[in-house]
Amino acid sequence: MPRLLPLLAILPMLGACDDNAPAAPAEIRPVRVVTVAPRSGGDSVSITGTVAAETEVNLAFRIDGRMVERLVNVGDRVTAGQVVARLDRQNEENSLRAARAQLTATRAQLVEARNNYQRQRELLQTGFTTRVRYDQATQTLRSAESAMDAAQAQVNIAENRLGYTELHADAGGTVTARGAENGEVVQPGRMIVQIAREEGRDAVFDVPPSMKDQAPADPVIEVALTMDPAVRAIGRVREVSPRADPATGTFRVRVGLDAPPPAMRLGSTVTGRMELGGSAGIEVPASALTRSQQQPAVWVVDPATQTVALRPVEVLRFDPARVLVGQGLESGDIVVTAGVQALRPGQKVRLLGAASAAR
């Protein structure tokens, strides 16, 4: 008991020392920040496509027959009027000979009918024939003339069909596909060769619906070779497919190229870039967004006191990476982008980064 008395006397002194001890300093939390600025333009999007001819035509025979010769192959260049394939012409030559023989026969009948008509007309004037014979001669002449016209038409048809045994290119271009081989019996209209005409070049892209809907009216597309981005051309949308591809859900868009360089050959892979319509506002990383009283907000750093405050904002658009803020932020504000869940109003922070969010 005597030993406890000194200890009891010391305890009040220790309590007094604890009351006068200084409070622990507030925690300074390190945060990552970004200095915001208004958008300077819209989003730039890019997509990969290929170079194709503005016009591709399928050359086909107008008659059926056995193809005996194809004079071009894929990749060959052709000129206007060049023969690209031939059919066996024996049947057509025989038909032409028969038509010409028929024409000769009808021509002889016409000469006979015309002479008989002249005689009957002269005899009728002198009274040595009857009106009935004269009318018969007139009818025979008209029938012979009609037969002559029909025979001439058959000759013209036979000559045309003989000409159709040769397939000619209607314009210059490059052969991109073939549809029949020598020895095959082909039907009228069957594609023999496909030709990409030289008139123009298109960049063809398969565009997702979201990009198609956001594209501005009559956009200017910058197209560059994927393997050599220095090779560039400018183009405008020439054709947009009204239907989505059933397998991919994309829309086929053809961009007409203005004076494409020679390096942009058919089939080359190209990358098209386009500026989407941008909305006015300030962009911040999506990680900066938090919530205050069920409303979107961000933490803003006061550079003078190095403390944070929660500021409500109006969100115009967002995606997994970025948030477009319409109201609530001003150019030059310092916004916390990492560590937002562990902050409280008025808390001091230490800045780890102050990159600009200007676009």
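The secondary structure of the protein chain comprises four helices and 23 strands, where helices (H or I, at least four residues) and strands (E, at least two) are DSSP runs numbered from the N terminus. The model is predicted: local features need pLDDT of at least 70, side-chain atom pairs count only at pLDDT 80 or more, and totals for chains, interfaces and linings use all residues. Residues are numbered from 1 along each chain as its sequence is written, and side-chain values use heavy atoms, with hydrogens and water left out.

Of the 359 residues of the protein chain, 34% count as buried. Buried means under 20% relative accessible area, exposed means over 50%, and partly exposed lies in between (1.4 Å probe, protein chains only). Among contacts in the protein chain with a separation of 6 or more, 74% are accounted for by residues 24 or more positions apart; a contact means heavy atoms within 4.5 Å.

Helix α2 covers residues 90-126 and has 37 residues. The expected span of a helix is 1.5 Å times one less than its number of residues. For α2 this should give 54 Å, and the end C-alpha atoms are 55 Å apart, which agrees. The buried residues of α2 are Glu 92, Leu 96, Ala 99, Leu 103, Thr 106, Leu 110, Ala 113, Tyr 117 and Gln 120. These buried residues pack against α3, which covers 131-163. Just after α2, Gly 127 takes a positive phi of about 85°.

Helix α3 was examined in the same way. With 33 residues, α3 should span 48 Å, and its end C-alpha atoms are 48 Å apart, in agreement. Buried in α3 are Tyr 134, Ala 137, Thr 138, Leu 141, Ala 144, Met 148, Ala 151, Val 155, Ala 158 and Leu 162. The cover over these buried residues of α3 includes α2.

A search of the whole structure finds one aromatic pair. Rings of Phe, Tyr and Trp (its six-membered ring) pair if their centres lie within 6.5 Å; planes under 30 degrees apart count as stacked, over 60 as edge-to-face and the rest as tilted. The ring centres of Tyr 117 and Tyr 134 are 5.6 Å apart and the planes are at 35°, so the pair is tilted. Because Tyr 117 lies in helix α2 and Tyr 134 in helix α3, the pair ties together parts that are 17 residues apart in sequence. Tyr 117 counts as buried at 15% relative accessibility, and Tyr 134 counts as buried at 14%.

A ring also takes part in an arrangement with a charged group. The charged end of Lys 212 sits over the ring of Phe 251, 4.7 Å from its centre. A charge sits over a ring if NZ of Lys or CZ of Arg is within 6 Å of the ring centre and within 35 degrees of the ring normal.

Arg 238 lies in strand β13, residues 232-240, and is partly exposed, with a relative accessible area of 37%. Not counting residues up to four places away in sequence, Arg 238 touches Glu 54, Asp 202, Arg 254, Val 255 and Gly 256. The C-alpha atoms of Arg 238 and Arg 254 are separated by 5.7 Å, although the two residues are 16 residues apart along the chain. A polar atom of the Arg 238 side chain lies 3.5 Å from the backbone oxygen of Glu 54.

Asp 333 is found in the loop between β21 (322-327) and β22 (334-338), and counts as buried at 14% relative accessibility. Its side chain makes a polar contact with the side chain of Arg 311 at 2.7 Å. A polar contact is a pair of N or O atoms within 3.5 Å; within protein, one must be able to donate a hydrogen and the other to accept it, and residues adjacent in sequence count only if both atoms are side-chain atoms. The backbone nitrogen of Glu 330 lies 2.8 Å from a polar atom of the Asp 333 side chain.

Strands β18 (residues 295-302) and β19 (residues 307-312) run antiparallel and are joined by six bridges; two strands pair if DSSP finds at least two bridges between them. Val 301 stands opposite Val 308 in β19. The hairpin of β18 and β19 has four residues between the strands, and in it Gln 306 takes a positive phi near 55°.
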